[in-house]
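Biologist: Hi! Could you walk me through this structure in plain words?
Modeller: Happy to, let's look together.

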Amino acid sequence: MNNDLNIQQYIEHYAHLVEQELPEAFPSEWYIPDPLKQSMLYSLMAGGKRLRPILLISAAEALGGNAEAALKMSCAVEMIHTYSLIHDDLPAMDNDDYRRGKLTNHKVFGEALAILAGDGLLTHAFHSIAQVAREFRLDAEQALSIVEELSAFSGARGMVGGQAADIQGEQGLTQLSELEYIHVRKTSDLIVFSLRAGGRIAGANERQLAALETFGHHIGLAFQIQDDILDLIGDEHKLGKPVKSDEKQHKVTYPYFIGIDESRRKMLELTEAGKEAIRTEIPDPRRLLQIADYLLLRDH
Ligand code: GRG
């Protein structure tokens, strides 16, 4: 059925399925204190593009994996992503009042519950993976590798390490390679995990996993460069004239180092290189290729 959908409809279709599945990930017989559950669900259900779950599902689909297992597993990666956003918004980190057009978790529930909601989501992601592995009788080696890789890509070696380097870098980054290290850890790593996990559900071999990784690494970095560009020019577009606050002009982003035009060129080049990595190695890469192109069109 989803063969008939254009890429936007395909993305909307899976984003909707993920949204239906997310609350189901918490066993109904579990007693979770009410404010904690509300706080977790508030951020989990606050919208968002659901990019990482969709990539996991599409990678599984591209290799003929079980669609239901992929959908359930994809909720785990969205839990990790959501926890990282809740913690990133805290006063000790970015101190943001709004996320996805809504008040941030700590603004609604207070800092203590926001920290705990993040902790709860992080922990529950691993529970969900174990449950999916058991329910769908995943190959034990693949299931263990998924757990291992989620920990590596989202933890101190990956996203958490990227966040730490970002905070340290606020004292002043001097080289593009330092910024790229942060972007890869904070953004590409969870995308790479999603693709490899989707591949593993489908029993991907090492060459296919490596191809998915290269694809994720490149489109993740392209996605983050685009974020930097949108961050800089978003307000200018909205207001129809250039308004650059001092803060934005001096924020150390990709355009800060190489300018907007060169950043755009780099973003396109990375996307093409990512697509090239999966074109022949993955049996049916069509949706992944379309997603890579679709991401270039986004405006938020
Ligand atoms: C606090 C452990 C910890 C990590 C925080 C994810 C992150 C690391 C910080 C958020 C800030 C940021 C710009 C990170 C780069 C990754 C990124 C582009 C996140 C936003 O992802 P989208 O655009 O968000 O997919 P939606 O809202 O669509 O889910």
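Modeller: One definition to begin with: a residue is buried if 20 or more other C-beta atoms lie within 10 Å of its own, exposed if 12 or fewer, and partly exposed in between, with C-beta atoms placed from the backbone. By that count, 42% of the 300 residues of the protein chain are buried. This is a predicted model, where local features need pLDDT of at least 70, side-chain atom pairs count only at pLDDT 80 or more, and totals for chains, interfaces and linings use all residues. Residues are numbered from 1 along each chain as its sequence is written.

Biologist: Thanks! How many helices and strands are there in the protein chain?
Modeller: The protein chain has 13 helices and two strands. Helices (H or I, at least four residues) and strands (E, at least two) are DSSP runs, numbered from the N terminus.

Biologist: And what is the radius of gyration of the protein chain?
Modeller: It is 19 Å, close to the 19 Å that the globule rule gives for 300 residues, so the chain is as compact as a globular protein of that length. The radius is taken over C-alpha atoms, and the rule is 2.2 Å times the number of residues to the power 0.38. The C-alpha trace spans about 55 × 50 × 35 Å along its principal axes.

Biologist: Let's switch to the ligand. Which residues come nearest?
Modeller: Gly-48, Lys-49, Ser-84, His-87 and Asp-88 come nearest, out of 15 residues around the ligand. A residue is near a molecule or strand if its C-beta atom, placed from the backbone, lies within 6 Å of it.

Biologist: Which element gives the largest share of the shell around the ligand?
Modeller: That is helix 4, with four residues. The elements that give two or more residues to this shell are helix 4 (67–89), helix 8 (159–169), helix 9 (176–201) and helix 10 (206–239).

Biologist: What classes of residue does the shell around the ligand have?
Modeller: It has four nonpolar, six polar and five charged residues. Here Ala, Val, Leu, Ile, Met, Phe, Trp, Tyr, Cys and Pro count as nonpolar, Asp, Glu, Lys and Arg as charged, and the others, Gly among them, as polar.

Biologist: You mentioned helix 9. Where is its kink centred?
Modeller: The kink in helix 9 is centred on Ser-188 and is about 45 degrees. The bend at a residue is the angle between axes fitted to the seven residues ending there and the seven starting there. Helix 9 has 26 residues and reaches 36 Å from its first C-alpha to its last, close to the 38 Å expected at 1.5 Å a residue. The expected span is 1.5 Å times one less than the number of residues in the helix.

Biologist: Is helix 9 mostly covered or exposed?
Modeller: Mostly covered, as 20 of its 26 residues are buried. Helix 9 is followed by Gly-203, whose phi is positive, near 75 degrees.

Biologist: Which residues other than glycine have a positive phi?
Modeller: One of them is Asn-95, with phi near 55 degrees. Asn-95 is in the loop between helix 4 and strand 1 (98–99) and counts as exposed, with 11 C-beta neighbours inside 10 Å. Another is Arg-100, with phi near 50 degrees, in the loop between strand 1 and strand 2 (102–103). For context, most residues other than glycine have a negative phi.

Biologist: Last one: why is Val-132 called buried?
Modeller: Val-132 is buried because 25 other C-beta atoms lie within 10 Å. Val-132 is in helix 6 (residues 111–135) and touches Ala-69, Lys-72 and Met-73, not counting residues up to four places away in sequence. Contact means that the C-beta atoms of two residues, placed from the backbone, lie within 7 Å. What covers the buried residues of helix 6 includes helix 2 (34–44), helix 4, helix 5 (105–109) and helix 7 (140–154).
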